[in-house]
Amino acid sequence: MENETAPCLHRKPVGLPCIQCCLSDVFERTGQVPAKLLQLVDHIHERTLPKGEQLYREGDHAHALLIINHGLIKLTQTLANGQQRIVRLLHGGDIIGLESLVNHQARHTATTIVASHVCELPTALILQLESMDPQVYERLMVQWQRSLDEADSFITELSTGTAEARLARLLMKLSGGVNAAPFPSLTREDIGSIIGVSTETASRMMARFKREGFLQERGDELSCREVAALMRLAQN
C-alpha cells in the first residue's frame, strides 16, 4: 500500500508520516528526519506480510531497501553443496537489501517467520537522496552499515562452539539477552539450519532444554528460563 500522509500506526508516537516513523531510529531516535527526506514520502510503500511470505529470492533483481518495523524475517543462502542455510534473523529496526545499492542482485532469499510489517524504499529513491543531500545520505549509510555489521556477527556467533552452546546463543539472542523476553517459536528445521545441525538433532536438543527447565513453550512463543545457566552454556 502506498502511504502519503496517513499516520503510521506501527510505532510510537503515532501520527508521524511512515518515513519519519521508520527512519527515526536511524536518526538517533530523535524522530527528527531531515525535511529533504520527508519530501520523498510519496515513494514509500508499506507492506504487511503474513507468516511464511517470501519477499524475494536469491538472485532476483534487487530494486529496494526494506526497513522492518516489526516481525521476524530469515535470510537464507544457497551453499556450494546446494543446501540452504539461514545466515541471518532480522527484526524490527533492521534493514534488508543494502546490496541493491551496489550490484542490484539479491544475495539471499528473504522469508517471514511471523507476520511482519516493512517499509519499502526504492533504490532510486536512496540514490536521489545522495544527490539531494550528500550529508544525510552518508549518515544513512553509516547507520545502515552498522546494522549490517551487527547482523553479520550472527553468522560468527552461531557457527562456533558446541551444538548446545550455539543453541543457547541463539535462544539468548532471540530473547534479548538477560531481559529474556518471549519470542516467536522457530521450526526445528529452521533451528537446525541456523546452528548447523540436522532437524532431528535440533528437535532432541530443544526437548532436552525444555526438560531441564531452560525453556518454556506456550503456543507460538518461547520464553527462556534459567537465564544465568543458559548464558554459561552459551560460553562453551
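Biologist: How many salt bridges does a search of the whole structure find?
Modeller: The model is predicted, and side-chain atom pairs count only at pLDDT 80 or more. Under that condition, a search of the whole structure gives a total of seven salt bridges.

Biologist: Which helices does the salt bridge between Glu157 and Lys173 link?
Modeller: The side chains of Glu157 and Lys173 meet at 3.0 Å, N to O, and the cut-off for a salt bridge is 4 Å. The two residues are 16 residues apart, and the pair links distant parts of the chain. Glu157 belongs to residues 134–157 and Lys173 to residues 163–175, that is, to helix 4 and helix 5.

Biologist: Are Glu157 and Lys173 buried, partly exposed or exposed?
Modeller: Buried means under 20% relative accessible area and exposed means over 50%. Glu157 has 33% and Lys173 has 35%. Because both values fall between those cut-offs, Glu157 and Lys173 count as partly exposed.

Biologist: How many residues apart in sequence are the parts that Glu164 and Arg208 tie together?
Modeller: Glu164 forms a salt bridge with Arg208, with the closest N and O atoms 3.5 Å apart. Glu164 lies in helix 5, whereas Arg208 lies in helix 7, which covers residues 199–211. The pair therefore ties together parts of the chain whose separation in sequence is 44 residues.

Biologist: Which strand does the salt bridge of Arg188 reach?
Modeller: The side chain of Arg188 meets that of Glu217 in a salt bridge at 3.5 Å, N to O. Arg188 is in helix 6 (residues 188–195), and its partner is 29 residues apart from it. Glu217, partly exposed at 30% relative accessibility, is in residues 215–218, which form strand 10.

Biologist: What share of the contacts with a separation of 6 or more is between residues 24 or more positions apart?
Modeller: The protein chain has eight helices and eleven strands. Of its 236 residues, 48% are buried. Among contacts with a separation of 6 or more, the share from residues 24 or more positions apart is 66%.

Note on methods
Residues are numbered from 1 along each chain as its sequence is written. This is a predicted model: local features need pLDDT of at least 70, side-chain atom pairs count only at pLDDT 80 or more; totals for chains, interfaces and linings use all residues. Side-chain values use heavy atoms; hydrogens and water are left out. Helices (H or I, at least four residues) and strands (E, at least two) are DSSP runs, numbered from the N terminus. Buried means under 20% relative accessible area, exposed over 50%, partly exposed in between (1.4 Å probe, protein chains only). Contact means heavy atoms within 4.5 Å.
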